[in-house]
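This report describes helix packing, nonpolar cores and selected loop residues. The sequence and the model are shown first.

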Amino acid sequence: MKIAVVGTGYVGLVTGTCFAETGNTVTCVDIDKEKVKKLQNGTITIYEPGLEQLFERNIKQERLSFTTNLAEGIKDAKIIFLALPTPPGEDGSADLKYILKVADDLGPLLSDYTVIVDKSTVPVGTADKVHAKIAAHAKVDFDVVSNPEFLREGVAVEDFMKPDRVVIGTTSPRARKIMETLYAPYVRQGNPIIFMDERSAELTKYAANAFLATKITFMNEIANVCELVGADVDAVRKGVGTDSRIGKRFLFPGIGYGGSCFPKDVQALAKSAQDAQYDFRILRSVMDVNEDQKTRLIARVKEHFKGNLKGKSIAFWGLSFKPHTDDIREAPALYNIEALLQEGVTIRAHDPEAIENVRRIMGDKIQYFETPYDAAEGADAIFISTEWPEFRTPDFEKLNTILKGKVIFDGRNLYDLDLMKDQGYAYFSIGREVINGK
């Protein structure tokens with residue numbers, strides 16, 4: 001099947017590449033000339049485990065191509081996916097200007113019946129707006145479908161190729177048949193394709209992300225209570241997570257959620273509810289708690305150094321908002337770094353993938369290192385902000401010889417408390433006992 005994907009960001013590039021992998025001919029369209037040039041030359045523009053191999057294979061097999069020309073990109077396409085940014089506006093609502101601009105451009109370009117698919121996360125009613133924009137200039141039949149993505153950065157290829165479920169919002173039998181054919185290779189193991197109306201599909205994505213953000217935030221609140229009453233959040237997490245009604249995922253406390261989805265989707269759903277004259281009080285609390293949680297360890301840092309941080313050096317392990325991605329959007333690390341820079345701290349940062357993205361926005365305000373040990377050398381403390389696997393079992397014998405101070409502020413609860421006691425570290429984590437060191 002001939003497919004066009006408009007937008008080559010995270011969702012667009014994963015979507016286009018994975019559809020090509022099952023034999024479809026895919027053309028990805030983007031207005032960014034430099035990005036398209038890189039993609040045409042075989043240079044992938046995002047880091048996502050497993051994607052580069054598929055990307056290179058499908059370019060070689062001529063099933064995946066890239067262009068800046070919308071008319072060229074959608075020529076003969078049966079399905080056109082819109083995978084465009086929906087950044088939050090000043091009031092928290094999702095900004096639809098990119099999607100609606102492309103919809104306006106598409107109308108006169110359609111030459112035969114086409115299914116237009118909203119792949120971006122969009123507010124309820126967006127399919128109607130896209131349909132109206134296209135219909136104003138279209139001379140052929142078309143349908144607009146909502147098909148939200150549920151990709152987790154770091155495992156997006158696996159999520160796409162073997163989805164838990166595929167949600168498709170359409171009331172058109174013709175569009176439903178085409179979408180069923182497209183997704184058939186991905187649901188052979190029996191995972192469902194769930195059909196519903198367009199508005200329900202649009203709301204499903206927001207509801208899923210908002211619920212997961214709420215689950216994380218609830219556990220962070222429990223962690224904060226644990227610190228006050230002397231309980232251990234890891235024990236509580238295990239006791240709660242084994243309840244099948246609750247489940248063990250998204251119960252790990254830490255310094256808040258970040259990324260491109262949870263912050264803006266929670267905000268957008270709250271704004272959509274407000275527009276419908278409903279006060280979504282839970283989501284307002286989720287946003288407030290998460291904002292505070294991001295920098296919760298800063299008070300511990302100040303307390304440990306007796307309020308005198310000027311001239312101190314702290315090694316930051318992790319810059320991306322989560323492991324296995326170079327995405328730094330709303331990354332808690334950046335909030336903590338800014339807070340410490342204001343206190344006169346020197347930041348020595350390491351991340352396996354996100355250094356260049358941080359360098360583009362922070363420049364030489366902080367120092368960058370190729371290994372976590374280089375970052376830790378001579379530092380007064382380590383601050384762990386991302387749970388990359390390589391940070392889980394460091395060489396403590398080596399660290400003990402290169403660190404100036406045996407102090408760890410762990411925003412992801414990576415280490416066993418008894419291990420920290422044995423190693424003689426001052427160790428501060430989330431919702432657990434403080435280890436004061438030797």
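## Basis of the description

Helix axes are lines fitted to C-alpha atoms, over the stretch in contact, and angles run from 0 to 180 degrees between N-to-C directions. Helices (H or I, at least four residues) and strands (E, at least two) are DSSP runs, numbered from the N terminus. The model is predicted: local features need pLDDT of at least 70, side-chain atom pairs count only at pLDDT 80 or more, and totals for chains, interfaces and linings use all residues. Residues are numbered from 1 along each chain as its sequence is written, and side-chain values use heavy atoms, with hydrogens and water left out.

## Helix α1 and helix α3

The axes of α1 and helix α3 (residues 51–60) come within 9 Å and cross at roughly 60 degrees. That angle makes α1 oblique to α3; angles under 35 degrees count as roughly parallel, over 145 as roughly antiparallel, 65 to 115 as roughly perpendicular and the rest as oblique. The crossing of α1 past α3 is left-handed, a term used if the near helix is turned anticlockwise from the far one by less than a right angle, with clockwise being right-handed.

On the α1 side, the contact (heavy atoms within 4.5 Å) is made by Leu 13, Val 14, Thr 17, Cys 18, Ala 20 and Glu 21. From α3, the contributing residues are Leu 51, Leu 54, Phe 55, Arg 57 and Asn 58.

## Packing around helix α11

Helix α9 (residues 198–229) and α11 have axes that come within 9 Å and cross at roughly 115 degrees. The two helices are therefore roughly perpendicular to each other, and α9 passes α11 in a left-handed crossing. Residues of α9 in this contact include Leu 203, Tyr 206, Ala 210, Ala 213 and Ile 216. Their counterparts in α11 are Phe 262, Asp 265, Val 266, Ala 268 and Leu 269.

Helix α11 also packs against helix α12 (residues 281–294): their axes come within 9 Å and cross at roughly 145 degrees. This crossing, too, is left-handed. Here Val 266, Gln 267, Leu 269 and Ala 270 of α11 meet Leu 283, Val 286 and Met 287 of α12.

## Nonpolar cores

In soluble globular proteins, nonpolar side chains tend to be buried together. A nonpolar core is a set of buried Ala, Val, Leu, Ile, Met, Phe, Trp, Tyr and Cys residues joined through side-chain atoms within 4.5 Å. The largest one has 41 residues, of which Phe 19, Phe 81, Val 115, Met 179 and Tyr 183 touch the most other members. Helix α1 (residues 10–21) gives the most to this core, with seven residues. Apart from it lies another core of 37 residues, among them Val 301, Phe 316, Val 358 and Phe 383.

Leaving aside neighbours within four places in sequence, Tyr 183 is in contact with Phe 19, Phe 81, Lys 119, Asn 147, Val 166, Ile 168 and Ile 193.

## The loop between α10 and α11

Ser 260 lies in the loop between α10 (233–241) and α11 (262–275). Ser 260 is buried, with a relative accessible area of 13%; buried means under 20%, exposed over 50% and partly exposed in between, with a 1.4 Å probe and protein chains only. Its side chain makes a polar contact of 3.4 Å with that of Glu 153 and another, also of 3.4 Å, with that of Arg 329. A polar contact is a pair of N or O atoms within 3.5 Å; within protein, one must be able to donate a hydrogen and the other to accept it, and residues adjacent in sequence count only if both atoms are side-chain atoms. Not counting residues up to four places away in sequence, Ser 260 touches Glu 153, Asp 327 and Arg 329.

Arg 245 is placed in the loop between α10 and α11 as well. Arg 245 is exposed, at a relative accessible area of 74%, and its side chain makes a polar contact of 2.7 Å with the side chain of Asp 243.

## Other loop residues

Glu 330, in the loop between β9 (313–317) and α14 (332–342), has a positive phi near 55 degrees although it is not glycine. Glu 330 is partly exposed, at 33% relative accessibility. Asn 413 likewise has phi near 55 degrees and sits in the loop between β13 (407–410) and α18 (417–423); at 12% relative accessibility, Asn 413 counts as buried.

Pro 394 lies in the loop between β12 (381–384) and α17 (396–402) and is buried, with a relative accessible area of 9%. Beyond four places in sequence, Pro 394 touches Trp 317, Tyr 373, Leu 399 and Tyr 415.
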